[in-house]
Amino acid sequence: MNMLDLEALARTPLTREPFDFMVVPNFIRPEAAVALKQDFPAIPYPGLLPVEATRPGPSFSALVETLQSSELAIAFSQKFGLDLLDRPMMITVRGQCDARDGRIHTDSETKVVTCLLYFNESWEESGGRLRLLRSPTDLNDVIAEVPPDFGTLIAFRRSDNSYHGHEPYVGPRRYVMFNWMATTFAARREILKHRLSAMVKRNFSQPAPEPAHA
């Protein structure tokens with residue numbers, strides 16, 4: 001657990017309106033940063049992938065084990081006033097963003113709590129900054145805007161008004177998303193959906209074969 005700063009999580013206040021959320025800068029401890037940056041899996045195409053469909057290095061694999069720990073579940077349970085210990089967890093990763101990403105949404109009802117942990121260097125772009133929103137239609141009706149800098153954690157309780165999105169950005173945008181899910185069936189269904197989507201995107205991202213010559 002020494003990769004993550006649970007004390008920072010504990011002392012960060014939870015915003016209650018218009019939905020429950022929190023932003024924790026530097027949730028990854030500085031001494032773990034170099035190895036985790038190196039061991040983030042290489043993902044050359046957009047879309048969320050199940051972590052088991054990628055090839056992370058050893059420190060990132062250790063981080064995934066930490067995210068699945070009861071200690072982390074207890075910390076988030078205390079923060080959100082929920083019992084997450086018996087909830088199944090889904091972990092996915094993203095390496096690239098395309099122009100279609102960032103549209104306003106609330107997350108599906110199968111997700112109880114959503115957490116995004118970013119793996120980018122200092123973010124200078126205007127696009128790609130997650131906005132927590134009051135409106136389902138207006139990206140400028142902003143509660144908070146968070147650049148996806150390395151080690152920043154965003155966590156929120158999914159609700160019918162947990163609107164979020166970002167301005168368009170195309171290029172590398174790396175994060176791990178972990179969700180406590182409503183049911184095991186929902187977690188398996190979401191993982192299958194992401195796995196199939198990743199297969200399609202991987203196939204379409206492959207260069208066309210060279211034509212045969214007589």
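This is a predicted model: local features need pLDDT of at least 70, side-chain atom pairs count only at pLDDT 80 or more; totals for chains, interfaces and linings use all residues.
Colleague: Where is V176 found, and what does V176 touch?

Modeller: V176 is found in strand β9, residues 171-181. Leaving out residues up to four places away in sequence, V176 touches F60, L67, I91, T92, V93, C115, L116, L117 and F119. A contact here means heavy atoms within 4.5 Å. As for F119, it lies 57 residues from V176 in sequence, with 7.8 Å between the C-alpha atoms.

Colleague: Now to β5. How do you know that β5 and β6 pair?

Modeller: Pairing needs at least two bridges. Four bridges join β5 (residues 130-133) to β6 (residues 142-146), so the two count as paired. They run antiparallel, and R131 stands opposite E145 in β6.

Colleague: What makes β5 and β8 a pair?

Modeller: There are two bridges between β5 and β8 (residues 164-165). The cut-off is at least two, so β5 and β8 pair, in the antiparallel sense. In β8, H164 stands opposite L132, and G165 is the bridge partner of R131.

Colleague: What makes both faces of β5 covered?

Modeller: L130 and L132 on one side are buried, and R131 and L133 on the other are buried too.

Key. Residues are numbered from 1 along each chain as its sequence is written. Side-chain values use heavy atoms; hydrogens and water are left out. Buried means under 20% relative accessible area, exposed over 50%, partly exposed in between (1.4 Å probe, protein chains only).
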